[in-house]
Amino acid sequence: MTGRTHAGIGIVTFVGICDKLPGKFSYTGIAVVVIASLLPDIDHPKGILNKYILPIKNKSAKVSIYASLGILVLCLDYLYVNKPVMKVLGIMLIMIAFSSHREGITHSLVGLIAFNFIASYLGKKYNISNIPYYFIIGYGMHLICDMFTSRGVPILYPFEKKKYKFPFNFSTSTKKGMYIEEFIMVVGLMYIIYRLPAIL
C-alpha cells in the first residue's frame, strides 16, 4: 500500500475509536498516528519518511546512514547516557539499515514493541502520556493493512521469516490494487466527515 493509504487508514481508525482512548480526540494524536503509520516503511529507501532523512534514495545510502546513526547512538549511550531506550534505538537503526522492504524488523510485532517503547519514553519525557495508544494505532494498522496485500508481512520476525497474509488479499502493483486503495480512501474520507462533528 502507498504511504498515503496507510496514513489515511491510521487517521480513520483513530477518529473512529478516539472517544474510547484516555486522551480522546487530539491533533497531537493524529500527528503521532500519521508518523507511526508511515514508520514501518522506513526500511524502503523511497518511503515517505526517508524522503526527509536520506539525501540519496537508494539502498546504499540507506545502509550507510542508518548503520552510522545506529553505531553513533550506541557509542553515545555507552560513553554518556546508559539508558535502555538508547540501546533499543541504536539496535533498531542498525537493523533498519540492513533490512529489505517488508523483509525485516519494521514489519513485525517486535518492531512494533521496540518502536512503541521508544515512543513511550518520548511521551513521558515531553509529558504526552497517551503517545503509546496513538502509536499502536498507527503502526498496528500499517501491519494489518499490509497483511491484506499479496506480499504479506513477516509478523513474527526475527523468530520466523515466514510472511503472513489474510486469505483475502490483493496485489498493490496492479490496477485492481490501485482501485481498492482509492476506494478505501474515499470511504475513509466520507467516514471522517460524518464522524468529526460528534468528537470535536
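Reader: Against which helices do the buried residues of H5 pack?

Author: In this predicted model, the buried residues of H5 pack against helix H4 (84–97) and helix H6 (131–146). The residues of H5 concerned are Gly-111, Leu-112, Ala-114, Phe-115, Asn-116, Ile-118, Ala-119, Ser-120 and Gly-123, and they are called buried because each has under 20% relative accessible area.

Reader: What makes the reach of helix H5 close to the expected one?

Author: Helix H5 covers residues 109–125, which is 17 residues, and it reaches 24 Å from its first C-alpha to its last. The span expected at 1.5 Å a residue is also 24 Å, and the reach is therefore described as close to the expected value.

Reader: Why is H1 called roughly parallel to H7?

Author: The axes of helix H1 (residues 3–17) and helix H7 (residues 175–199) come within 9 Å and cross at roughly 30 degrees. Angles under 35 degrees count as roughly parallel, and the crossing angle therefore makes H1 roughly parallel to H7. As to its hand, H1 passes H7 in a left-handed crossing.

Reader: Which residues make the contact of H1 and H7?

Author: On the side of H1 the contact is made by Arg-4, Thr-5, Gly-8, Ile-9, Ile-11, Val-12, Val-15 and Gly-16, and on the side of H7 by Glu-181, Glu-182, Ile-184, Met-185, Gly-188, Tyr-191, Ile-192, Arg-195 and Ile-199. By class, these residues divide into 9 nonpolar, 4 polar and 4 charged.

Reader: How do H2 and H6 pack, and at what angle?

Author: Helix H2 (residues 27–38) and H6 pack at an angle of about 35 degrees, and their axes are 7 Å apart; the crossing of these two helices is right-handed. Gly-29, Val-32, Val-33, Ala-36 and Ser-37 of H2 meet Ile-131, Tyr-134, Phe-135, Ile-137, Gly-138, Tyr-139 and His-142 of H6. The contact residues of H2 and H6 divide into 8 nonpolar and 4 polar, with no charged residue.

Reader: Why is Arg-102 called buried?

Author: Arg-102 has a relative accessible area of 4%, and the cut-off for buried is under 20%, so Arg-102 counts as buried. Arg-102 lies in the loop between H4 and H5, and its phi is near 60 degrees, a positive value in a residue other than glycine.

Reader: Why does Lys-24 count as partly exposed?

Author: The relative accessible area of Lys-24 is 44%, and partly exposed covers what falls between the 20% limit of buried and the 50% limit of exposed, so Lys-24 is partly exposed. Lys-24 is found in the loop between H1 and H2, and it has a positive phi of about 55 degrees although it is not a glycine.

Reader: What makes Leu-79 count as exposed?

Author: Leu-79, a residue of helix H3 (residues 59–81), has 56% relative accessibility. Exposed means over 50%, and Leu-79 therefore counts as exposed.

Reader: Which residues does a cis peptide bond join?

Author: The cis peptide bond joins Tyr-157 and Pro-158, with omega about 5 degrees. Pro-158 has its place in the loop between H6 and H7.

Definitions and conventions:
Residues numbered from 1 in each chain as written. Predicted model: local features only at pLDDT ≥ 70, side-chain atom pairs only at ≥ 80, totals over all residues. Heavy atoms only, no water. Axes fitted to C-alpha atoms, helices over the stretch in contact; angles between N-to-C directions. Helix = DSSP H or I, 4+ residues; strand = E, 2+ residues; numbered from the N terminus. Parallel < 35°, antiparallel > 145°, perpendicular 65-115°, else oblique. Left-handed = near helix turned anticlockwise from the far one by under 90°. Contact = heavy atoms within 4.5 Å. Nonpolar A, V, L, I, M, F, W, Y, C, P; charged D, E, K, R; others polar. Buried < 20%, exposed > 50% of the residue type's maximum accessible area, 1.4 Å probe, protein only.
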